[in-house]
Amino acid sequence: MSLFSALNIFLLPISVMVFIILDFDKHICIDKVQKKLALSLFVSILFVIIMEFLNKSLDGMHGSFVHVVLCATKTLYFVLQLISASYLLLFLDYNANRKKSRTQAWTKVLLAIVLFDVFLLILNFGGKFLFYYLDDNVYQNGELLWLRLILSFSPIVLLMFDYLIDNKKVTISQYAIVAFVAILAGFGTICDLLVKESMILWPCVVIAMLYTYLSMLRANYHLDALTHVENRHSLDNYLLELNTEKRDKTYGFIMIDLDKFKQINDIYGHAVGDDALRDSSNILRATISPMDFLARYGGDEFVIIAQNCRNIQPLVGKINRNLQKFNDKHIRPYTIEMSIGGDVFLPSDTLKPAEFLHKVDEYMFQIKKERSAKNKSTR
C-alpha cells in the first residue's frame, strides 16, 4: 500500500484521537485516577493507529531494513493493542466502582496478560506462528493468530463478565460504552479477517472512543467542578424526574451541612477550604450505594437521595462512622464536622420532591442550631 493510500485510511482516525487528547484536559472534570486512565487509553490507541499506519505504508516495499521495521512496528502494534484494551477495562471499572484497590488488582492481572503476549511475540520472531512477512515484505497471518485475538479481546470479555457479576454498581451508560466498543471492535476485526482489502477496525474503534468521549462530556455537564459530584442543575433535574415517575418507591432524603467550614477558610485559606469540600464529598461518595444520588447543593451543603430507603438512620450512622475514620487519620490540619438531617419520602407523600427536600433542609438547619447551642454550652 502506498503512503497516500494509507493516509486516506488513517488520517481521520489519527486526527480524531489527537483532537480528543488535546481537548480532554480542557473540558473533562474528573478525579486524577480517572483522568490518568482515560488519557492513557486515548494515547495508547493513538499510538496503535500510528503503528498500523506505518506498517500499512511499508507493506510490500522491498529491502532488509524495511523488513526489520515492519516486524518491529507490527509487534509494537499488537502489544499496544492489548495495552489499550487493558486501559479501557481499568477506566470503566474504576468509573463504576471508584476503588483504587480494585484498579491495582486488575492492573496485576492485565500486566500478566500483557507480559504473556510479549513473550509470545518474542517467540514469534523465530516461530512465525502469529504473523510473518514473505520475502517481498507482504504480511501474512500465522496459524495461531486466533490466540492473539483471544488475548486482544480478553480485557473486554473480563470487563463484561465483571459487569454481569457485579451489575448493581454499573449504570446504563457504562453498559452502553462497553457494548458499543465490543460490537464495533468485533465487527471491524471480523471484516478485516474475512475481507483482504478491508481495513475498518481502527475507524470502528475511533468511533467507539469518540462515543466514549462524548459520553464523558455529557456526564461532565452534570458534575460540580470542585467536588466531582452531581451539581445543583443535575439535582433539579433529578427532582423533576422523581416528580414525574410513578410513585411506588421510598427515598431517603438527607441534607448535610459542614460545621465550622468558615473557620477552616479563615484560618487555613480558601485552598484548604476546597480540600475540605473535596474530602467531604469523597467521604459521602464512599458511604452511599452507586445507585444513590449525591449532589453538592451549594456552598458547603450536600444532598443524598437514597433509593428504596425506609429508614435513614443506618445511612446517617454510616456517614458518621466514615467521617470519624477520616478524622482519626489526622491527614489534614482540620477535622470535618457535619450536621445531618433527613427523612423518608413515601409514595403517599403529598409534597413534591423539591418541596420535601426544602422541608428536610429546614430540619437539618434545626439540628445544626441545636448542635451549635450544645457546643457553646459545653465551653
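Q: What makes the reach of helix 8 close to the expected one?
A: In this predicted model, helix 8 has 13 residues.

Q: Why does Ser234 count as buried?
A: The relative accessibility of Ser234 is 7%. Buried means under 20%. Ser234 therefore counts as buried. This serine lies in helix 8, residues 232–244.

Q: Which other residues of helix 8 are buried, and how do you know on which side they lie?
A: Besides Ser234, the buried residues of helix 8 are Leu235, Tyr238, Leu239 and Leu242. They cover an arc of only 140° around the axis, so they sit on the same side of helix 8. The face turned away from that buried side carries the exposed residues Leu240 and Thr244.

Q: What makes Ser234 and Glu230 a polar contact?
A: Their side chains come to 2.5 Å. The cut-off for a pair of N or O atoms is 3.5 Å. The pair counts as a polar contact. Leaving aside neighbours within four places in sequence, Ser234 is also in contact with His222 and Phe293.

Q: What makes Asn231 a cap of helix 8?
A: A side-chain oxygen of Asn231 lies 3.3 Å from the backbone nitrogen of His233. The polar-contact limit is 3.5 Å. Asn231 caps the N-terminal end of helix 8.

Q: Why is the pair Lys262 and Asp266 called a salt bridge?
A: The closest N and O atoms of Lys262 and Asp266 are 2.8 Å apart. The rule asks for a Lys or Arg nitrogen within 4 Å of a carboxyl oxygen. The pair therefore qualifies. Lys262 and Asp266 are four residues apart in helix 9 (residues 261–268), so about one helical turn separates them. Both residues are exposed.

Q: How do you know that Arg332 forms a salt bridge with Asp275?
A: The closest N and O atoms are 3.9 Å apart. The limit is 4 Å, so the pair counts as a salt bridge. This pair links distant parts of the chain, 57 residues apart: Arg332 is in the loop between helix 11 (313–329) and strand 6 (337–345), and Asp275 is in helix 10 (residues 270–287).

Q: How many aromatic pairs does the rule give, and why is Phe24 with Tyr213 called tilted?
A: The count is 14 aromatic pairs. The ring centres of Phe24 and Tyr213 are 6.4 Å apart, with planes at 40°. Centres must lie within 6.5 Å; planes under 30 degrees apart are stacked and over 60 edge-to-face. At 40° the pair is therefore tilted. Phe24 is in helix 1 (residues 3–27) and Tyr213 in helix 7 (residues 201–220), 189 residues apart.

Q: What makes the pair Phe131 and Tyr139 stacked?
A: The angle between the planes is 25°. Stacked means under 30 degrees. The centres are 6.1 Å apart. Phe131 and Tyr139 are both buried.

Notes. Residues numbered from 1 in each chain as written. Predicted model: local features only at pLDDT ≥ 70, side-chain atom pairs only at ≥ 80, totals over all residues. Heavy atoms only, no water. Helix = DSSP H or I, 4+ residues; strand = E, 2+ residues; numbered from the N terminus. Buried < 20%, exposed > 50% of the residue type's maximum accessible area, 1.4 Å probe, protein only. Polar contact = N/O pair within 3.5 Å; in protein donor to acceptor, adjacent residues only side chain to side chain. Contact = heavy atoms within 4.5 Å. Salt bridge = Lys/Arg side-chain N within 4 Å of Asp/Glu carboxyl O. Expected span 1.5 Å × (residues − 1). Arc of directions from axis to C-beta. Phe/Tyr/Trp six-rings, centres within 6.5 Å; stacked < 30°, edge-to-face > 60°.
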